[in-house]
Amino acid sequence: MEQHCMSADPLAKYPDVMKPREVADVLRVEVQTLVRWLGDSHVPGFQIGPKQEWRIWREELRQYLHSNRNITNVAKKSA
């Protein structure tokens, strides 16, 4: 039986600067959805190169995910 460790870092295996496909995989969304979120500044990222390709700093993604957690539900469950 496979066990999942809650303390495991799901971003640890990714490079410091991530591509949209990698971030989309982590978030379990389509790449097009992630690109839209990047363009709307819902997810932190930057564009680079002549093709203006999106890149995302792993640590900024981690901070973004942490700051956007729904902690209200966690507090209600523990009460």
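A residue counts as buried when its relative accessible area is under 20%, as exposed when that value is over 50%, and as partly exposed in between. The structure discussed here is a predicted model.

**Residues of strand β3 and helix α3**

R58 is part of helix α3, which spans residues 58-67. Its relative accessibility is 15%, so R58 is classed as buried. R55 belongs to strand β3 and, at 18% relative accessibility, is therefore also buried. W57 sits in strand β3 as well, but its 41% relative accessibility means that W57 is partly exposed.

| Residue | Relative accessibility | Class |
|---|---|---|
| R58 | 15% | buried |
| R55 | 18% | buried |
| W57 | 41% | partly exposed |

R58 touches L11, A12, Y14, P15, D16 and M18. The contact partners of R55 are V17, M18, K19, P20, G45, F46 and I48. W57 is in contact with D16, V17 and F46. For the pair W57 and D16, the C-alpha atoms are 5.9 Å apart, although 41 residues separate the two along the chain.

In soluble globular proteins, nonpolar side chains tend to be buried together. In this model, the largest nonpolar core consists of 11 residues, namely L11, Y14, M18, V23, A24, L34, L38, V43, W54, I56 and L61. Helices α1 and α2 and strand β3 (53-57) each supply two or more residues to this core.

**Packing of helices α1 and α2**

Two packed helices are described by the angle between their axes and the distance between the axes. For helix α1 (residues 20-27) and helix α2 (residues 31-39), the axes approach within 9 Å and cross at roughly 105°. Because angles of 65 to 115 degrees count as roughly perpendicular, α1 is described as roughly perpendicular to α2. On the α1 side the contact involves P20, R21, V23, A24 and L27, and on the α2 side V31, L34 and W37. By residue type, this contact comprises 7 nonpolar residues, no polar ones and 1 charged one.

Conventions
Residues are numbered from 1 along each chain as its sequence is written. This is a predicted model: local features need pLDDT of at least 70, side-chain atom pairs count only at pLDDT 80 or more; totals for chains, interfaces and linings use all residues. Side-chain values use heavy atoms; hydrogens and water are left out. Axes are lines fitted to C-alpha atoms, for helices over the stretch in contact, and angles run from 0 to 180 degrees between N-to-C directions. Helices (H or I, at least four residues) and strands (E, at least two) are DSSP runs, numbered from the N terminus. Angles under 35 degrees count as roughly parallel, over 145 as roughly antiparallel, 65 to 115 as roughly perpendicular and the rest as oblique. Contact means heavy atoms within 4.5 Å. Ala, Val, Leu, Ile, Met, Phe, Trp, Tyr, Cys and Pro count as nonpolar, Asp, Glu, Lys and Arg as charged, and the others, Gly among them, as polar. A nonpolar core is a set of buried Ala, Val, Leu, Ile, Met, Phe, Trp, Tyr and Cys residues joined through side-chain atoms within 4.5 Å. Buried means under 20% relative accessible area, exposed over 50%, partly exposed in between (1.4 Å probe, protein chains only). Lists of a residue's contacts leave out its neighbours within four places in sequence.
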